[in-house]
Amino acid sequence: MMVMDDDTDLELSFTSTTTDRTFTTSSSARSSLTLSFNESLLLSTTTTAPATTLHHRKWDPHWSAIKAATDGNLHLSHLKLVRHLGTGNLGRVFLCHLRDCNSATFALKVIDKDSVTPKKLSHVQMEAEILSMLDHPYLPTLYARLDVSHYTCLLIDYCPNGDLHALLRKQPSNRGLPLHAVRFFSAEVLVALEYLHALGVVYRDLKPENILLREDGHIMLSDFDLCFKADVVPTLQNNRVLRSHKKTRPTRDRFGCFRSVNRREPDEEELTEFVAEPVTALSKSCVGTHEYLAPELVSGNGHGNGVDWWAFGILIYELLYGVTPFKGGSKESTLRNIASSKQVRCHVAEREEEGAAEARDLIEKLLVKDPRERLGCARGATDIKRHPFFDGIKWPLIRNYKPPEVRGLVIKRTK
Ligand SMILES: Nc1ncnc2c1ncn2[C@@H]1O[C@H](COP(=O)(O)OP(=O)(O)OP(=O)(O)O)[C@@H](O)[C@H]1O
């Protein structure tokens, strides 16, 4: 790869490999492309910047750096490309920073619209549209969309800590992450999915590769090209819930003996809860990554919000055990395993840490073949958050939790 950063021209050329991790990808051929932006192209840039004043991260120094460097109107010429970070289905991603401020780093996703199929072009539109809607700490901020000639460039947050897939591979004997880390990362993913679903966005591509890690160790979900949008009607629902799932105590039977099985305290309370779940979402296009596809996606008879909750179950499983539960010797056999699955059993070597039984129970409730019976499908994250695996998490404070210390994760602590 070669990167040239002249003050007037941005030019780079590289050889890259397209990936075929997703179901929609057919090509795994190497592609060699040259990108060059000359003066006339730079002048013809159309910049679409989201309304910064409304953004919850308006205090973010990235916004003020952009404002200071550009008078608010960002062009490609304001950016200095540093290196190629990776190549995806749609385009290439570069690390860059503002020419006038090298501490303000970003990721620039560059899509050559002339080199993608009409179907992939619709994925580009979807990704740009979804990104422009997002305003959440676990999701990327779209600082600008730059349309230059036949290129669309999306300027988003840069995550220097890689992704959860790479982090998993750094664990001893590929045995999964420590349980407290699984709990932390899956709780953050749950909150990100909750937000997406509240916007009516079904994500459809949950997997460790798409969970990037920010400098501070918190997650950032990426890749929105396979999403679909649906209607969502937020409601307030009254629900009877147990005060605490762990409140059990031995009870005496009528002969005065202690029963061997603990019974739950009937300690219920009525709660009014906010539910915003796209329960009527329906799509028939089969997209996603094989090992993460829900049975209804594999059968192709239509699917909705439930595919994300299934994938959430696969994710927790993979983070815990280092493998996915239905993986076969080939993509076809993986799909067969998913289609024939009745009820998943966590058969891999048991983990003994505290909380492992709760994790297994949650996985089993998420990996239910019938989406109507699957945890999360009816009331979304509201029900999943209440599962004993997440007991003790103070959800409104989760953004302030300290990320776990995990081998291979270097966290920059803020003072
Ligand atoms: N914001 C980011 N910060 C750091 N690295 C990133 C960022 N976004 C993408 N990358 C890197 O660039 C690579 C390509 O990302 P991209 O989102 O284009 O495709 P992808 O993750 O391979 O998914 P897909 O092909 O399904 O769209 C990723 O694998 C990742 O390594």
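Me: Is serine 149 buried, partly exposed or exposed?

Reply: This is a predicted model, in which local features need pLDDT of at least 70 and side-chain atom pairs count only at pLDDT 80 or more, while totals for chains, interfaces and linings use all residues. Residues are numbered from 1 along each chain as its sequence is written. A residue is buried if 20 or more other C-beta atoms, placed from the backbone, lie within 10 Å of its own, exposed if 12 or fewer, and partly exposed in between. Serine 149 has 15 other C-beta atoms within 10 Å, so it is partly exposed. Its phi is near 50°, a positive value in a residue other than glycine.

Me: Where is serine 149 found?

Reply: Helices (H or I, at least four residues) and strands (E, at least two) are DSSP runs, numbered from the N terminus. Serine 149 sits in the loop between β8 (144-148) and β9.

Me: Is aspartate 223 buried or exposed?

Reply: Aspartate 223 has 24 other C-beta atoms within 10 Å and is therefore buried. Its place is the loop between β12 (219-221) and β13 (228-229). Aspartate 223 also has a positive phi, of about 70°, although it is not a glycine.

Me: How is the protein chain divided?

Reply: Domain bounds come from an automatic or database domain assignment. Here the chain is divided into domain 1 (11-157) and domain 2 (164-400). The contact between them (C-beta atoms, placed from the backbone, within 7 Å) takes 19 residues from domain 1 and 23 residues from domain 2. Helix α3 (residues 118-133) gives the most to the side of domain 1 that touches domain 2, with seven residues.

Me: Which residues touch the most other members of the largest nonpolar core?

Reply: In soluble globular proteins, nonpolar side chains tend to be buried together. A nonpolar core is a set of buried Ala, Val, Leu, Ile, Met, Phe, Trp, Tyr and Cys residues joined through C-beta atoms within 7 Å. Of the 96 residues in the largest one, Val189, Phe312 and Ile316 touch the most other members. Helix α7 (residues 306-321) gives the most to this core, with twelve residues. Both domain 1 and domain 2 give residues to this core, so it lies between them.

Me: How many residues surround the ligand?

Reply: The ligand is surrounded by 21 residues, and the closest are Gly86, Gly88, Asn89, Val93 and Ala107. β5 gives the most to this shell, with three residues.

Technical notes: Near = placed C-beta within 6 Å. Contact = placed C-beta atoms within 7 Å.
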